[in-house]
Amino acid sequence: MLRTTLACIAALILSTELASAADAVRGEQRFKAMCATCHAVDPAQKKMGPHVKGIVGRKAASLAGASYSPAMKASGWTWDAAKLDQYLADPKKALPGTSMLIGVSNAQDRADIIAYLATLK
Ligand code: HEC
């Protein structure tokens, strides 16, 4: 009985993990569609927003030469998956005064985009 219950729980965890697993390949497509107008993945390329190479683990507003809002400079944030998720969901709400105005309302899109960003080392 206990064994069956445990097997059920394991199967359940596995299936929810599969359903919500972040997909970096899909994330790259989403990034190209939703972010690439303003963000380069190549540091040599200049766009309106800061480049996102190495963004996971990077301190917010830490790129020399990029233009950041006073709010971003004062945030004291370091970009990990949770911070990215919070910011991308609703930038203006997460960081009042930010100059990035468009967010990503779909949680799966955010998870996929963040999985892709994590590959940009
Ligand atoms: C219309 C242009 C635009 C779009 C589209 C855009 N961003 Fe931004 N992004 C900006 C600007 C401008 C900033 C600087 C914000 C600030 O300083 O307050 C920024 C900042 C950021 C930062 C912080 C960078 C750092 O160095 O601290 C991240 C992370 C980010 N954007 C991710 C994304 C992602 C992911 C997407 C796509 C879902 C996206 N952005 C879409 C313009 C944009």
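Helices here are DSSP runs of type H or I with at least four residues, numbered from the N terminus. The model is a predicted one.

**Overall make-up**

The protein has six helices and zero strands. Read from the N terminus, the order of elements is α-α-α-α-α-α. Of the 121 residues in the protein, 17% are buried. When contacts between residues at least 6 apart in sequence are considered, 49% of them join residues at least 24 apart.

The table gives both values for each pair.

| Pair | Angle | Axis distance |
|---|---|---|
| H4 (residues 81-89) and H6 (residues 107-117) | about 130° | 10 Å |
| H2 (residues 24-34) and H6 | roughly 100° | within 7 Å |

By class, the contact of H4 with H6 consists of seven nonpolar, no polar and two charged residues.

In the second pair, the axes of H2 and H6 cross at roughly 100°. H2 is therefore roughly perpendicular to H6. H2 contributes Ala24, Arg26, Gly27, Glu28, Arg30 and Phe31 to the contact, while H6 contributes Asp109, Asp112, Ile113, Ala115 and Tyr116. The classes in the contact of H2 with H6 are five nonpolar, one polar and five charged.

Which residues of H6 are buried? They are Arg110, Ala111, Asp112, Ile113, Ile114, Tyr116 and Leu117. H2 and H4 are among what covers these buried residues of H6.

Tyrosine 116 lies in helix H6. The cut-off for a buried residue is 20 or more other C-beta atoms within 10 Å of its own. Tyrosine 116 has 23 other C-beta atoms within 10 Å, so tyrosine 116 is buried. Leaving out residues up to four places away in sequence, tyrosine 116 touches Ala24, Gly27, Glu28 and Phe31.

**The loop between H2 and H3**

Alanine 61 is in the loop between H2 and H3. Although alanine 61 is not a glycine, its phi is positive, at about 55°. Is alanine 61 buried, partly exposed or exposed? With 18 other C-beta atoms within 10 Å, alanine 61 is partly exposed.

Lysine 47 is also placed in the loop between H2 and H3. There are 15 other C-beta atoms within 10 Å of lysine 47, so this residue is partly exposed. Not counting residues up to four places away in sequence, lysine 47 touches Cys38, His39 and Ala40. Lysine 47 and alanine 66 are 19 residues apart in sequence, and the C-alpha to C-alpha distance between them is 9.1 Å.

Proline 70 is located in helix H3. For proline 70 the number is 11, so proline 70 is exposed. Proline 70 and glycine 97 are 27 residues apart in sequence but 7.6 Å apart in space, C-alpha to C-alpha.

Around the ligand there are 26 residues, of which Cys35, Cys38, Gly49, Ser69 and Met72 come nearest. Helix H3 (70-74) and H4 are the elements that give two or more residues to the shell around the ligand. How many nonpolar, polar and charged residues does this shell have? It has 20 nonpolar, six polar and no charged residues.

Conventions: Residues numbered from 1 in each chain as written. Predicted model: local features only at pLDDT ≥ 70, side-chain atom pairs only at ≥ 80, totals over all residues. Axes fitted to C-alpha atoms, helices over the stretch in contact; angles between N-to-C directions. Nonpolar A, V, L, I, M, F, W, Y, C, P; charged D, E, K, R; others polar. Near = placed C-beta within 6 Å. Parallel < 35°, antiparallel > 145°, perpendicular 65-115°, else oblique. Contact = placed C-beta atoms within 7 Å. Buried ≥ 20, exposed ≤ 12 C-beta atoms within 10 Å, placed from the backbone.
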